[in-house]
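This report looks at one protein chain, part by part. Please keep the sequence and the structure in view while reading.

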Amino acid sequence: MVAFFVVAFLLSLSSSSFSQECRPGFLENMDFPGSDLTFLFSPSAEHCQKLCTQHPSCLFFTFIRPDWTRDNTFFRCYLKSTPSGEPASQTPLQGATSGFSLKACSQDLQPCFSETFENVDFPGADYRALFTPDYEECQRACTQDPGCQFFTFLKGDFSGTNFRFKCHLKFSWSLPVIPDIEKRAGLVSGFSQRAEIIPELFYIACQSSLLPNTDIPGSDLIKLKAVSPEHCQVLCSAHPQCTYFSFVSDDFSCYLKNNGNEMVTTAKNGVISGMPTRSCQVDENWIKLTYEEIDFKGFDIRSEVLDDAAACQRLCTETPACQFYTYINENSSDQAARRRCFLKSVITIPAPPAVTKLDNVVSGFTLRNCLT
């Protein structure tokens, strides 16, 4: 346990020690080899840079453009980091574009992605399909649908004649989903209190109806982590395919489920179930609470020594990139980490699970952030 927090502390120091210089440009046909954290799919260097900016540890990146010819790894966005914040080396490479995180810049936390991409497919993540006369109308449908983050439109000359003019609306998380939650003595966790963390979509208030000691077995759509049944209900409400959910209090498992035909309930201790609330706003006290002996694991932006958990929550709220936090109490058994506040974040900008080439299609993103 001590080793875990020491490692986290050192990582947070290294991520906060990089140059504060804002470097928004790109280096065309340049690779930053090695130092990879992970790779994600992206349709452009601009989008890749925003992914790097929102990733808690990414300091620079290399994007493989569609004109890459060595293999089929185009549209990959390699997120990278070093303790110094600088690439270990720079190598000329045709088809690659590199650049730096915009963490040091004044940035839009909800960026507008207005560009559309010809002959580019965003496969997967579909939740709804309709027919539209052109990709502009498909993009408008995506923009008007709260669940849609990006789309792919099949043009009139698409090879599959039965699927021409089909508009595929696609989903990714626009609110922070905590990857891992555990019970751990001596810790306090909670959320930023900024309004945009959980957007208020409706002005009509409604009562949250939960079913205690009730399970809805089967029909699982996805398993997530949630700190409470109310948190799980918000996640269900945000996913356009979720018809109901079950929350397991012992291990913080939040099972989103999809079955529009029936809902069969069974009695089960420690499980709380419910349905989404998409036409009204439920009470959000759960996001205002602090959670004792709960660890929101990993995804640290940085850490600081503070007097108490309330100060940690204030710092998270005042830090634009912070979405949630974990504070190590004075009485923690891990002496090296006592009174340390870990600020955390995950990627919430539209992020296709895959990007590939496909003739006679057009892909793009919702324009909701462009309208505001």
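## Domains

Into which domains is the chain divided? In this predicted model, domain 1 covers residues 25-100 and domain 4 covers residues 198-283. The other two are each written as two segments: domain 2 is 113-173 + 350-365, and domain 3 is 178-197 + 288-346.

Strand β4 consists of residues 76-80, and four of its five residues are buried. In general, side chains in a regular strand alternate between the two faces of the sheet.

Strand β4 pairs with strand β2 (residues 36-41) in the antiparallel sense, over five bridges. In this pairing, T38 is opposite L79 of β4. Strand β4 also pairs in the antiparallel sense with strand β3 (residues 60-64), here over four bridges. F63 is the residue that stands opposite C77 of β4.

## Where domain 2 meets domain 4

The centres of domain 2 and domain 4, taken over C-alpha atoms, are 28 Å apart. Five residues of domain 2 are in contact with seven residues of domain 4. The size of an interface is often given as the accessible area lost when the parts come together. For domain 2 and domain 4 this buried area is about 530 Å², with 82% of it on carbon and sulfur atoms. On the domain 2 side, Y127, F171 and W173 lose the most area to domain 4, together 82% of what that side buries.

How many salt bridges cross the interface of domain 2 and domain 4? The rule finds zero.

Terms used
Residues numbered from 1 in each chain as written. Predicted model: local features only at pLDDT ≥ 70, side-chain atom pairs only at ≥ 80, totals over all residues. Heavy atoms only, no water. Buried < 20%, exposed > 50% of the residue type's maximum accessible area, 1.4 Å probe, protein only. Helix = DSSP H or I, 4+ residues; strand = E, 2+ residues; numbered from the N terminus. Pairing = 2+ DSSP bridges. Domains from an automatic or database assignment. Contact = heavy atoms within 4.5 Å. Buried area = accessible area lost by both parts, 1.4 Å probe. Salt bridge = Lys/Arg side-chain N within 4 Å of Asp/Glu carboxyl O.
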